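My notes follow, in the order I took them.

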Amino acid sequence: MSDADQVHRKPAGIDELLDRVRAGYERIGPEEAAAEAAEGALLVDIRYAALREKDGLIPGALVVERNELEWRLDPQGSHRAPQAVSHDLRVVVICNEGYASSLAVASLRQLGLHRATDLTGGFQAWRSAGLPVAP
């Protein structure tokens, strides 16, 4: 599609954008995320500080503010987290309810993290499933 075609194309709303993004990968539920973490997947909590303080943390999850996510998880980046060792790393992004995490996954996949996914329902689904939460 040319730039001119894109200018005249009707903009996607957020629901359409989420549908398009999510069509490109398989999301997982809380129990599957816990099982994958036990097998070495990296859980990444992108919720902002006030939510983490209010609701708690998932034990073992890497906390990365959303605005730093790409810099911290790019295996080639100069500001990468020690866990960001490979583009093959299985990353499960967790936001509060499973919306922002989908957009974050799209960005990580553009960086080459082809196994990135997110948690359907986010932290709230994790907690509702009775999985571990630390204060």
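First, my working rule: a nonpolar core is a set of buried Ala, Val, Leu, Ile, Met, Phe, Trp, Tyr and Cys residues joined through side-chain atoms within 4.5 Å. I call a residue buried under 20% relative accessible area, exposed over 50%, and partly exposed in between (1.4 Å probe, protein chains only).

Housekeeping: this is a predicted model, where local features need pLDDT of at least 70 and side-chain atom pairs count only at pLDDT 80 or more, while totals for chains, interfaces and linings use all residues. Residues are numbered from 1 along each chain as its sequence is written, and side-chain values use heavy atoms, with hydrogens and water left out.

**Core.** I looked up the largest nonpolar core and found 20 residues in it. V44, I46, L69, L73, V91, V93 and L108 have the most contacts inside this core. Two or more residues each come from β1 (42-45), α5 (69-73), β3 (91-94) and α6; helices (H or I, at least four residues) and strands (E, at least two) are DSSP runs, numbered from the N terminus. The largest share, three residues, is given by α6.

**Charge pairs.** I counted a salt bridge where a side-chain nitrogen of Lys or Arg is within 4 Å of a carboxyl oxygen of Asp or Glu. That rule gives eight salt bridges.

- R20 and E16 form one at 3.1 Å, N to O. Both sit in helix α2 (residues 14-22), four residues apart, about one turn of the helix. R20 is partly exposed at 40% relative accessible area, and E16 is partly exposed at 41%.
- D118 and R27 pair at 2.9 Å, N to O. This pair links distant parts of the chain, 91 residues apart: D118 is in strand β4 (residues 117-118), R27 in the loop between α2 and α3 (30-38). Both D118 and R27 are buried.
- D45 and R47 have their closest N and O atoms 2.7 Å apart, and both residues are buried.
- K54, D55 and R127 are linked in a network of salt bridges.

**Rings.** What else does R47 lie over? I found R47 over the face of F123, at 3.8 Å from the ring centre. My test was NZ of Lys or CZ of Arg within 6 Å of the ring centre and within 35 degrees of the ring normal.
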